[in-house]
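Here's a quick briefing to read alongside the model. Have the viewer open and follow along.

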Amino acid sequence: MLESVIINSRQHVGLQKVSALAGRFRSSIGPIKNYKFIQDEVSGESVLVCSCFRIIENLEPTCAVGQLVYETVQAHHKGYRSGSGCLLFLAGAWSRTALDCLQRGIAVTHIIKAMSEGIDICLDVCKKSSVLFKDIAVMHKRSATPQDLELQLSEEAIADTSQVAAKVHDKCLNMSGQRRVKLSRHFCEAKSEMLSSALLPDLLELPDVAVLAESLSHGCEDAMKLAVEAVQMLSKMNQQDISDPSFDISKVQTCVLPGLPEDCTCVVEGCVFRLSDEQARVAHRIKQQPLKVALVTGDLSQTYRHLGFKSLSGVGVCEHLDLSASSKEDEWLEKVVNRLLNLKVNLILTAGLASQKVIQQCCRHHILVVEKVNSSVLRIIASSTGAVPVSYATQLAEHCVGNGINVEIWRDLSSYERESSTAVNISNGRNGGLVTAVITSCIHGKLQALEDQFWACAYRLHHALKDRALLPGAGGTEVLCVHQLQKQAEYHRVEDSKTGSAANLYRGLVLQLMADGLIDYISAVMVSTGRFSAAEARTIVSNQLQDFHKDEIIAGKFWQLILESRREDAVFSAGKPDEALTVKIYDNLSVKQEAWRKALDLVFLVLQTDAEIITGTGQRTEENLMRL
Amino acid sequence: MKLNSLLLMSRLVKKSPSVCTDLPLSSSDVCNKLHLMKEFLRSSYGPTARLKQVHNNIGGSVVTSSTSSVLLQAIASSQPIISLIRSSILNHVSRFSDCGLFAAVFCLCLLEQAGQCGLRKNVMIKVNKHLLSLCTGYLQQEDCGCKVKLDFCSSQNLITLARSVISSKPTCVLTEPESDHISRLAVQAFLLTVPCNIPDTVRLGRTATITIEGHSVLKSAVFPGLLLSTPENLCFDSLCSPLHVVLFSISLAGDLSEIGDGRIEMHQGVDVDSQILDQLLELGKQVLKDGVKLFLCQKVIHPVLQHYLRCNGVIVIERLGVSLMEPLIQLTGAQPVATLHATIPSTVYGKVHNVCIRQFGSKTMLHLHPAGETAICSMILCHRNETMLNELKLVCQTTEHVLRLTLREPFALLGGGCTETHLAAYVRHKSKNEVSESTSVLGCSQTEYLLAAEAFCHSLELVATSLEHDGGTSLIDLTHAHHWTLPSDVTEEHLEGVMAPCGCGVVESCQNKTRSYLDTKYAGFSPAPLLTASPLQATVLDSFTPKVNALGVAVETANLVLDVRYVIQDVN
């Protein structure tokens, strides 16, 4: 059955839907986030959500456009864990841009061409305005004396960051050039770097993670503190090269402990798991001694079969003697336990679930079973203990068993909850290289949001260390993009009036409208901080832009602008006002670029779509439907 | 007796009589549906097409596309005539990959025009058939004015052909450098699949396509040999070349799924699972004894067998999928094993020169280098999101097919609607000149013949017009009969300054030519071939074989539909 909606091109329904959907997130973007309840009218259940991603996840859009938006946000969230709000908002804003263009009778192909040019301008601005780590380090050093911070920054260090960088490069080059004569070429490169950093200690150093974190926290100071601890702990454990810092996300896991007050949140070396009372008793027995460990990737139960295994449906047994299923299970269980005892395994970690019977039987033999272990954690434990993960417990053999792992009682949680439970820490004394962020809250509904915030911060640090550069935050990059877009729009307008060519007729207009979308974003963020009304926010932004246009000279100028904007919306950091003044705010380079790109791709797809085909027999009574 | 039993029955289920529609094409319902289908497919045609979202309205994933195979698969109709057209076009697409929308739009235009001109159906059918043979005859001629001979000494025309196919699907959202890059890759992959030393029978190789989401299109690449997705923690010691390979097409999951449905009786106490597993391990032992280093399976391999093999230094890869089997067979020379109940003869083993690991974003790939000369290559396609990537993969497969077809008939047609307008002008001119001979053969009046020919030509022109979706108007020049588009926002005065080259890019605008709007009547003329010293350098080229076939499919399908007198539907 074909039901298609032919959309009037002047009122593109798809774009209107994107715009309307994005509108729901208007108050949820920016650093200050309010909790929202989402209530299911049918079941009466409600959830407490904080991030844009969780909101759209819980809204469960069903229309085709809504699905497309959700799929896009999901893909972004998977890789970045932040920036979903920015993506959604800009998808909405640029949908309105496209709608606006359609209403003015601009052809779809022209809109796409011009908007592609627009995004190229924006991405180019990102590339050019990104601040390299070494420059951040320089700035941080200089700004250590807090007096006249802004002035100094804007006039000296920052105005010519590129020059400083260039100088440093020159020096390095010269240095290695000189050295090359004396040293063997095999040593040259490594040596020269060491030398130059020794000679220019304050210029070449990388910024401290804590400094980065402060400017990337975007209102989640507590979560960011936790993430910094995780980075520092990991780098200490793995004795990382300081000149090459990175943050391996796969070595971090979270453990959510409801009931504990929020100040118990911390980062712990090793893996923390919550255990039931019965398992805890075993843990107490085997704690603080080197244990043998077995890793199982499947479920610990007799009925488990690996993925892709098809059970037979039509099997009949010839002689109907009563051989009950339970005895089969007992047989299997005995086999497994015997094998574990033979191998002297005291600890089993499984990625899947374990049946209650297995857990009980193992407890009886003082074997601790831990379920639902993250598979990346399993891999890391495997490599550090020498264990080989297997799919079935019956598969275990001598060479699959790992050595030297410890169980410690991390905390007794019995006083916080109705059913008593215990958190244990599983680690191996050597450099296993795993850390756990323990996230606690007395309010059960908040835990998800707290965990999300932690991951958002952790991913921001991860991407910052990967990019080796940051973008000026607090709307700075956006303002610069707006400026560039407007400049280009103006250029097109002048060109067109001069030559009278119609080819670029609309480019100026489309770029201008795109810039308006970004202005809308900046002011929405300002409004969501609660300190500005929509009108005030717009005035501030347009004043800044005017100043900017007037003396459009140096690249250094925009820094000042950002610093000023920061002072005005110190807000952005959401901290105490005076503290906020001394902290520069940065955004992630790759996250922002990716979110923008994805938002525009979404707009392109929806803009070009004029009909939907609804397959299946689902009854729907709606106007505009046509049946084939 | 029968009556009696019927009367005794407590309930009678009444069978509704079949519904018979007389002259379906004159029913307004059918006409409306045909019109809807035409508008729907027309709006999906060409590089500036409007896209369609396909979804099931209960929260399933959304497919965005303008590809005929996707769209026609998705639409289903209770109207047999629609289904007839749909299946006929789908059949064309499954054979030629390209020109599905062209065939559909042309066929539906023919039907609509036939309805409008009000001629007897049998006259229409006869004239259509006659004009089709006129068209195909002209296209096969050496001096055909809308055909370009492909020169395999230069890749230029091949790349143009590939780019025309690739950029015809706007769902891919490619920028100019991106579509250039992909076109070049497509041609490169095609050339890699043509074997160098030619034995008696030429056998083309295969391109295996691997998609990676989240990267820039410009990171797409082509590699000789095969790339297989592997589990992350793959490690192997240095292996001596060549490596022996075994390839299974049967599932080694340890179940009995391969024996089909039905009831199985077995004795009590028999543990089927462990018996099959024993069998599998037996297999593993034999393979190890035979020195196999690479163990590949189309389907799932039992984890215990995997574990056993890995412990013994064998590289194991499962779930290859059916599409990789043929390339693997060609690359390694292995014969796929489809049983686990017999010892494996040593003749089924294949070999590869060596293997190495390649990392693409989050994907780890095992790169198999062929032991000898083979024509197998892998194409890595990257795009920013899933929707665009899916369409890009489809369009690249179409391109591969189109390029392969050029080996048989090394021609391309001028694209951008120029072939359609050129053919229309040719047919119009020809039919006017030969009107008396034709009518005597076809047995119809001259007026009838000319009316039917006009409907045919106009349908062709309508297909060219369908390339425009932003309100622009289509023009034809009265010299070469090429297709030109006038954007909606350009006025007549600016025309000369603005006018870009024609649709295919061969005719420049500066040449002084009179043009006519396509929807107005113009005096018939014989389209002049372009006389240039150098071979034609078109910017848009259409595939030859698919288009010629699509032309035939469209006319024959339209004729078949015109020929339908009754539709009888069983409504029970």
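A salt bridge here is a side-chain nitrogen of Lys or Arg within 4 Å of a carboxyl oxygen of Asp or Glu. By that rule B:E39 pairs with B:R42, with the closest N and O atoms 4.0 Å apart. Keep in mind that this is a predicted model, where local features need pLDDT of at least 70 and side-chain atom pairs count only at pLDDT 80 or more, while totals for chains, interfaces and linings use all residues. As for bookkeeping, residues are numbered from 1 along each chain as its sequence is written, chains are lettered from A and ligands numbered from 1 in the order in which they are written, and side-chain values use heavy atoms, with hydrogens and water left out.

**Chain A at a glance**

- Chain A has 23 helices and 16 strands, where helices (H or I, at least four residues) and strands (E, at least two) are DSSP runs numbered from the N terminus.
- Of its 628 residues, 53% are buried; buried means under 20% relative accessible area, exposed over 50%, and partly exposed in between (1.4 Å probe, protein chains only).
- Take the contacts in chain A with a separation of 6 or more: 76% of them come from residues 24 or more positions apart, a contact being heavy atoms within 4.5 Å.

**Where the two chains meet**

- Chain A puts 56 residues into the contact, and chain B puts in 59 residues.
- Between them, chain A and chain B bury about 5,300 Å², with 58% of it on carbon and sulfur atoms; buried area is the accessible area (1.4 Å probe) that two parts lose on being put together, summed over both.
- Which three residues supply more of chain A's buried area against chain B than any other three? They are A:Q608, A:I613 and A:L628, with 14% of it.
- The rule finds 2 salt bridges across this interface.
- A:D610 makes a salt bridge with B:K52, and their closest N and O atoms are 2.5 Å apart.
- On chain A's side, the elements giving two or more residues are helix 3 (64–80), helix 5 (108–129), strand 8 (315–317), helix 23 (589–608) and strand 16 (609–614).
- Strand 16 of chain A pairs in the parallel sense with strand 2 (residues 51–55) of chain B, over 5 bridges; two strands pair if DSSP finds at least two bridges between them.
- In that pairing, A:A611 stands opposite B:K52.

**Salt bridges within the chains**

- Over all chains, the structure holds 34 salt bridges.
- Side chains of opposite charge can pair when their charged atoms come close.
- In helix 23 of chain A, A:D601 and A:R597 sit 4 residues apart, about one turn of the helix. Their side chains meet in a salt bridge at 3.3 Å, N to O, and both residues are buried.
- Back to B:E39 and B:R42: both lie in helix 2 (residues 28–42) of chain B, 3 residues apart, about one turn of the helix. B:E39 is partly exposed at 30% relative accessible area, and B:R42 is partly exposed at 21%.
- B:E454 and B:R428 meet through their side chains at 3.0 Å, N to O. This pair links distant parts of the chain, 26 residues apart: B:E454 is in helix 15 (residues 446–465) and B:R428 in helix 13 (residues 418–433) of chain B.
- B:E454 counts as partly exposed because its relative accessibility is 25%, whereas B:R428 counts as buried at 7%.
- A:R26, A:R96, A:D520 and A:R538 are linked in a salt-bridge network.

- A:G118 belongs to helix 5 of chain A. Is A:G118 buried or exposed? It counts as buried, because its relative accessibility is 0%.
- A:G118 and A:Q512 are 394 residues apart in sequence, yet 9.2 Å apart in space, C-alpha to C-alpha.
- Leaving out residues up to four places away in sequence, A:G118 touches A:L485, A:L511 and A:M514.
- A:S355 is in the loop between strand 9 (347–350) and helix 15 (356–364) of chain A, and counts as buried at 18% relative accessibility.
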